[in-house]
Every structure is written in C-alpha cells, then in structure tokens.
Amino acid sequence: MDNLRGILLVIAAMVMFTVEDSFIKGLSEVFPIGQILIVLGIGGATVFAVIALINRQPIVGPEVFSKMLFWRSVGETGSAFFFVSALWLVPLSVAGALLQTTSLIVTIGAAFLLGEQVGWRRWSAIFIGLFGVLVIIRPGFEGFQPAALLAVAAAVVLAGRDLATRRLPAGTPSVAVSFWGFFAVIPAGIILSVFLGAPVMPTPYQAGLFLACVAFGTIGYYLIVTAMRMGEASALAPFRYSRLLFSIILGYFIFDEIPDTWTLVGSAIILGSGIYVILRERRVLESRVPPEDL
C-alpha cells in the first residue's frame, strides 16, 4: 500500500470537490439549482459511461445491479438535493463544515444498522462533534440560519450512502458505481426544477463554467477512488477533512465570506472529533482490544 501517494490524491480530490462546490454556488446566482444538478448528473454519467466503454466494463446487468446499489443511488439523490440547496442558501464554509459530520454519522449508523461495536470513547467523540454542529448553526440564537439544516440533512443522507457502499457486492465495477452515482443526481435536479423554475439558456461563457464544474467533479471522483485503492482507508480518511480548510479559503477569496468566531470554533470541534474517531477505529483494528474498551 502506498499511503503517501494516496494521501496526496485524497487532498487533490478534496480541492477538486471544493472547486466544484464553488462553481455550483456561483452558477446558482444565475441558474436554477435544479438545472445545475441535471447538467452535472448528465455530464458526469456521460464521462464514466465513456470510460466504461473504453475499458469494456459493464454499467448495466446482473453483475452491476443490486439492492445496495439502489440504496446507494437513493442516498446520492438525497445528498445532492440537500447539499446543493445548502450551497445555494448558506456560506460555502458553513455548508462545508456541516458536511464533515458525515463520518460521525456513519459510525452511528454502523453501530445501529450494521451491528458494529462502538465503545464509550468514540461515542463521546461523536457527541462532542454533534455539539460542534450546534455551535455552528446556533438554533434559537441571533444568526441562526434554518437553511444550514439542509447541510446537516445532506450529511445524514450521505452517511446512508456510505453505509450502502460498504455493503456493495465485491464484484461491482467501480466505474459502474461512479456512473450510477452521477446518474442519481439527475432525479434530484428534476425534483428541484419542478419547484424552482424553468431552465435558463447559458451563454457560451456560462456553458464553459458548466463544463468546468463537471470536469472538477468527475476528476475529484476519479482521484478519490484511485486513492482508496492505493492506500489504507484508515490512513487516508483524516485527510478528507482538508475539504473544510479549502471551503473556508475559497469562500473568502471568491465569495467574500468571513466565517464568524462560532463557525470557526464549531468547525474545529467537528474536525477534532472526526479525526479522533477515525484514528481510534484504526487503533482498535490494529490492537484488537476487547469490544467493551473500544
């Protein structure tokens, strides 16, 4: 396993995803978010369909379709619906920070749905991380943004997607998973289009922005898949949190967003607790301590 190269690819993927988020947020100032999702879904699905064709890998058929692929796709649809809505309505740094709770929610889901053992140390870290969410959204206080709850909903649904991914049959081709992941974004766009208005014809320049958005999203997807095959998941996972840093940086330079003190404090709490949970899981697996001391 080449963990160093894997880490660099994860960081590069997080840059790509954050740039994609920035394009989505910028385009949402002109275009309905439903239209953005439809274009992103069609574009990404087309890219991976071409890759599958070139490599002669299936994207349909009994070796691809499974119950878990269906539920993973449902999770992809829901997370796209909620997260892009959040990007439209709240600062990039806030949406990015709240999305980082996904790994904490995955651990909760794994405990209750998959029967995995989670001890008091990780439960404590999870509750601390969820407290960080409250610090950011501050319900009942001045500055509370109800739309921030959309990012929390995206994290919950995204966690469901990740849990379904864990249960995918071993023989499911990665390119097929990527294809259906992007294809599942299209229904979310259609649903939003019903409520948020008709599509707007882009200028050639704006069409270029759409193409760039698709390119950054698909490249990020490819990099993260490549990284996970190259290095140990437990070693690479903490570096997914670099997306939070990039969200704050791009939010500041592109959208003139300056996170307030509570957003930074809450982000630090989520970051610290999330990394602790990941490292603790790795230590448990390596040392094989008794379940009651997990």
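The points below cover one lysine and some aromatic pairs.

1. A word on the ground rules: this is a predicted model, where local features need pLDDT of at least 70, side-chain atom pairs count only at pLDDT 80 or more, and totals for chains, interfaces and linings use all residues. Residues are numbered from 1 along each chain as its sequence is written, and side-chain values use heavy atoms, leaving out hydrogens and water.

2. Do look at lysine 25, in helix H1 (residues 3-27); helices are DSSP runs of H or I, at least four residues, numbered from the N terminus. Lysine 25 is buried but has no salt bridge, and the nearest side chain of opposite charge, glutamate 257, is 4.2 Å away. Buried means under 20% relative accessible area, exposed over 50%, and partly exposed in between, with a 1.4 Å probe and protein chains only. A salt bridge needs a side-chain nitrogen of Lys or Arg within 4 Å of a carboxyl oxygen of Asp or Glu.

3. What does the side chain of lysine 25 reach at 2.7 Å? That is the backbone oxygen of leucine 87. The charged end of lysine 25 also sits over the ring of phenylalanine 255, 5.9 Å from its centre (NZ of Lys or CZ of Arg within 6 Å of the ring centre and within 35 degrees of the ring normal).

4. On to the rings: there are 14 aromatic pairs (Phe, Tyr or Trp six-membered ring centres within 6.5 Å; planes under 30 degrees apart are stacked, over 60 edge-to-face, the rest tilted). Phenylalanine 179 and phenylalanine 183 are stacked, at 5.9 Å centre to centre and 25° between the planes. They lie 4 residues apart in helix H8 (residues 174-183), so about one helical turn separates them.

Methods: Helix = DSSP H or I, 4+ residues; strand = E, 2+ residues; numbered from the N terminus. Lys, Arg positive; Asp, Glu negative; His and termini not counted. Polar contact = N/O pair within 3.5 Å; in protein donor to acceptor, adjacent residues only side chain to side chain.
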